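Me: I am new to reading protein structures. Could you walk me through a strand and a helix residue?

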Amino acid sequence: MSFLEVRDLVVAYGAIQAVRGVTFSVEEGQVVSLIGSNGAGKTTTLRTVSGLLRPVSGEIVLDGTPIHALPAHKILGMGVAHSPEGRRLFARMTVEENLRLGAYTRDDEDGILSDMDRIFDMFPVLGERRRNKAGLFSGGEQQMLAIGRALMSRPKLLMLDEPSMGLSPIMTQKIFATVKELQSEGTTVLLVEQNALSALALSDHAYVIDLGRTTLSGTGRELLADPRVQEAYLGEGVAS
Amino acid sequence: MLSTLLSQIVNGLVLGSLIGLIALGYTMVYGIVQLINFAHGEIFMVGAYGGLAMFTYLLPTALKNHWYFALPILLIVGAAVSVLVAVAMERLAYRPLRGAPRLAPLITALGVSVALQEAVRVFYPNATAAVPFPTIFVPGTLIIPIGDGIPIKYSAILLVVVALALAYALNTFVERSRMGRAMRATAQDPDVARLMGVDPDRVIVLTFVLGGALAGVGGILYGGLYNTINIDMGFQNGIFAFTAAVLGGIGNIRGAVVGGLAIGLVKALGGQYLPGGTAYDYVWIFVVLIVVLVFRPQGFFGETERVRA
């Protein structure tokens with residue numbers, strides 16, 4: 001059985017169905033991407049997996065346990081961390097306070113401090129400015145902090161929603177390199193991206209979500225080569 | 001002349017400390033659940049009645065005359081009664097309305113306010129009129145020898161010291177502790193706080209517990225200062241405290257204290273020096289509120305609304 005299995009997920013905001021049949025699975029140690037255009041239902045899917053939204057129907061199973069009826073703070077406790085779209089840092093708090101909130105459910109002070117140091121090794125700019133307020137940082141630095149904050153709970157599954165949004169190409173590369181590095185350290189990553197090219201190049205497996213449904217799936221390489229994906233999400237330049 | 005001015009400043013700071021203590025409850029609850037808890041004034045009132053009931057009916061007579069026994073017991077019991085009522089109120093009245101349009105809990109708060117006042121009026125012996133409150137602190141007055149002398153009651157000194165100490169302790173708790181961080185996170189972005197593993201119910205209950213405890217202590221100190229309590233005390237001081245919270249910047253702890261002191265001073269000095277005297281002190285308080293909000297709608301310390309990236 002897969003590490004995370006999402007089956008026939010339907011999620012609605014009031015009368016409007018944002019997700020109408022999403023099915024995918026994530027194997028342990030993989031990087032899996034959900035790609036698709038704006039408004040396809042990718043973010044809603046992540047928010048449902050992490051417990052911020054309740055599905056109308058369908059199943060979410062983590063490591064054999066159904067989690068779709070659990071509140072968000074319980075799901076975090078089961079090893080799922082979600083770095084939300086737009087980064088959503090606590091802007092009026094310092095870098096350290098943001099990271100400490102990421103470790104909110106832990107009480108091993110030594111472990112928290114060593115994990116914080118690990119994140120400062122990974123992103124030295126955060127270490128240099130650990131007492132500065134997060135709201136003053138650039139987009140790229142905020143994204144580093146958002147990933148760092150999510151890592152502080154020592155997740156088994158890290159979900160990143162549009163980590164490249166608004167970032168320069170160089171910063172985007174750095175963020176994706178970080179994802180690769182985390183995978184090599186054993187973290188499973190579920191990525192939602194509009195930047196399909198970079199996401200697919202990195203992914204072991206990927207799913208296309210269109211109008212609230214999973215329409216295509218395959219390895220990252222297969223989808224990169226798929227003419228339907230090229231036409232819809234990668235632009236003509238890549239197809240030629 | 002000088003001693004009148006200084007006396008009124010003292011009066012203003014004493015009343016202001018009390019208002020600030022109550023305002024902390026308004027501002028914290030608003031910061032976490034965006035509700036103006038209009039019943040918070042009654043939480044202050046039931047603390048005073050709860051403490052008085054314990055003192056009158058349960059405390060052995062031998063202890064009643066020793067303020068260093070009676071006072072701590074009164075403060076603890078007053079805080080405990082207020083906390084119990086505040087937690088019950090959140091559980092029974094507000095929690096079922098989580099997610100309802102904001103008007104629903106607001107109207108419920110007004111209803112809870114009336115219900116608590118009436119409950120005390122009906123069930124507390126002789127509560128239809130003002131009830132005498134024991135002089136729990138060393139009765140007496142300190143005279144500061146300036147001009148004709150500035151009188152300060154010891155119970156007023158106690159009120160100011162305890163109120164400011166509690167406000168400082170609360171601020172330290174919110175700024176430094178793990179639960180305080182969870183409260184600030186919930187106030188800034190409740191969804192993301194949940195993603196960090198924060199249980200919103202725990203934070204909300206904690207907020208009502210802290211606000212209730214401060215209000216209960218305030219109720220006892222109020223009784224000790226004025227030596228009489230009545231069922232309207234929560235409504236009157238609650239309005240002042242709510243105004244103080246808005247003036248200081250609702251959701252901001254320092255703002256609540258500064259707003260409380262500002263309102264205390266306006267009430268005391270306006271009542272002394274402005275036309276109309278004490279009959280018009282409400283007018284001056286709300287004039288100040290309106291003028292401040294015209295030029296600084298977020299209050300003294302409030303954050304301006306920022307668009308999230």
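Predicted model: local features only at pLDDT ≥ 70, side-chain atom pairs only at ≥ 80, totals over all residues.

Me: Is strand S3 of chain A buried or exposed?

Reply: A residue is buried if 20 or more other C-beta atoms, placed from the backbone, lie within 10 Å of its own, exposed if 12 or fewer, and partly exposed in between. Strands (E, at least two residues) and helices (H or I, at least four) are DSSP runs, numbered from the N terminus. In S3(A), residues 31–35, five of the five residues are buried, so the strand is largely enclosed by the rest of the structure. A:Val31, A:Ser33 and A:Ile35 cover one side, and A:Val32 and A:Leu34 the other.

Me: Which strands pair with S3(A)?

Reply: Two strands pair if DSSP finds at least two bridges between them. S3(A) pairs in the parallel sense with S8(A), residues 188–193, over five bridges, and A:Val31 stands opposite A:Val189 there. S3(A) also pairs in the parallel sense with S9(A), residues 205–210, over four bridges; here A:Ile35 has A:Val208 as its bridge partner.

Me: What is B:Leu24 in contact with?

Reply: Contact means C-beta atoms, placed from the backbone, within 7 Å. Beyond its neighbours within four places in sequence, B:Leu24 has contacts including B:Ala167, B:Gly211 and B:Ile253. B:Leu24 lies in helix H1 of chain B and counts as buried, with 29 C-beta neighbours inside 10 Å.

Definitions and conventions. Residues numbered from 1 in each chain as written. Chains lettered and ligands numbered in written order. Contact = placed C-beta atoms within 7 Å.
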